[in-house]
Amino acid sequence: MGAIFRREMRAYFTSPVAYIFIAAFYLYTGNYFVSYNMSYGSTDLSYAFSSAFTIMMILLPLLTMRLFTEEKKQRTDQCLLTAPVSLGGIVAGKFLAAVCVFLCAMAIYVPFIIILYALAGAVEWATIIGTMIALLLLGAAFISIGVFVSSLTENQVVAAILSFVIIMFFYMLDLLAGNVANETISGIMSALGFYTRYNEFTSGIFNIGSIVFFVSVMFVFNFLTVRVLEKRRWAD
């Protein structure tokens, strides 16, 4: 797994992918921080954290689209599948590399917090720490979806679009649940929705159930990716 992780990190930072992703994330979140927190003198970061959901839906599929599609394009997928590394290790290495790049993007919140603390002398640490954890888990869940989709196709554009559609589907579940008359179906849709669960944290509600949910999403999609690779290994 370590070799795969280092290989993917080199691939990210020897190409423009990681730099473009991080720069776009910084610009988007920085704009919300300046226009709301700095302009109005607010120490409430919930607005900046909530806005991150939208840019993550767009950027994370672009970050993950090449993870397995590039292997197929360069015809290195069979070498990878027959390497002395477990399939779980391959998936984990690629997944963790993408998560690390996302962590680099999340680092922008550290100076935000320092600035607010310097100006106001106090911030809501419990809410900020809880939301940072939720942001990481949400991003990791999105990444696991992107990794899975990347294993299904050899076209990067298709991988990015399909990942976005799946993530959008989980986002729309929250909005559509209120329009469903059947309470059981509505409850299931709400339980599977991403946005409401994440927004709880930005509102200062630390929900263990939501943490378990995001971790479960990660495991399920990474498990499905392993099954896809396993099927391809035996098929070839």
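Analyst: Let me start with a term: buried means under 20% relative accessible area, exposed means over 50%, and partly exposed is in between, with a 1.4 Å probe and protein chains only. Please keep in mind that this is a predicted model, in which local features need pLDDT of at least 70 and side-chain atom pairs count only at pLDDT 80 or more, while totals for chains, interfaces and linings use all residues. Residues are numbered from 1 along each chain as its sequence is written, and side-chain values use heavy atoms, with hydrogens and water left out.

User: Okay, so is Phe170 buried or exposed?
Analyst: Phe170 is buried, because its relative accessible area is 12%. Phe194 is buried as well, with a value of 0%.

User: What kind of aromatic pair do Phe170 and Phe194 form?
Analyst: Their pair is stacked, with 4.8 Å centre to centre and 15° between the planes. Rings of Phe, Tyr and Trp (its six-membered ring) pair if their centres lie within 6.5 Å, and planes under 30 degrees apart count as stacked, over 60 as edge-to-face and the rest as tilted. Phe170 lies in helix 9 (residues 156-177) and Phe194 in the loop between helix 10 (183-192) and helix 11 (195-202), so the pair ties together parts that are 24 residues apart in sequence. Helices here are DSSP runs of H or I with at least four residues, numbered from the N terminus.

User: And how many aromatic pairs are there in the structure?
Analyst: The structure holds 22 aromatic pairs. One of them joins Phe53 and Phe142 edge-to-face, at 5.6 Å centre to centre and 80° between the planes. Since Phe53 belongs to helix 3 (residues 46-64) and Phe142 to helix 8, this pair ties together parts that are 89 residues apart in sequence.

User: Switching topic, which residues have the most contacts inside the largest nonpolar core?
Analyst: Those are Met56 and Phe194, in a core of 72 residues. Helix 8 supplies the largest share of this core, 14 residues. A nonpolar core is a set of buried Ala, Val, Leu, Ile, Met, Phe, Trp, Tyr and Cys residues joined through side-chain atoms within 4.5 Å.

User: What is Met56 in contact with?
Analyst: If neighbours within four places in sequence are left aside, Met56 is in contact with Phe25, Pro61, Phe102, Leu135, Leu138, Gly139 and Phe142, where contact means heavy atoms within 4.5 Å.

User: Back to helix 8, at what angle do helix 7 and helix 8 pack?
Analyst: Helix 7 (residues 109-120) and helix 8 (residues 125-150) pack at about 170°, and their axes are 13 Å apart. The two helices are therefore roughly antiparallel. Axes are lines fitted to C-alpha atoms, for helices over the stretch in contact, with angles running from 0 to 180 degrees between N-to-C directions; under 35 degrees counts as roughly parallel, over 145 as roughly antiparallel, 65 to 115 as roughly perpendicular and the rest as oblique.

User: Which residues meet there?
Analyst: From helix 7, Tyr109, Ile113 and Tyr117 meet Trp125, Ile128, Met132 and Leu135 of helix 8.

User: Last one: is Lys94 buried or exposed?
Analyst: Lys94, which lies in helix 6 (residues 87-106), counts as buried because its relative accessibility is 0%. Apart from neighbours within four places in sequence, Lys94 is in contact with Ile4, Arg7, Glu8, Leu67, Phe68, Glu71 and Leu80.
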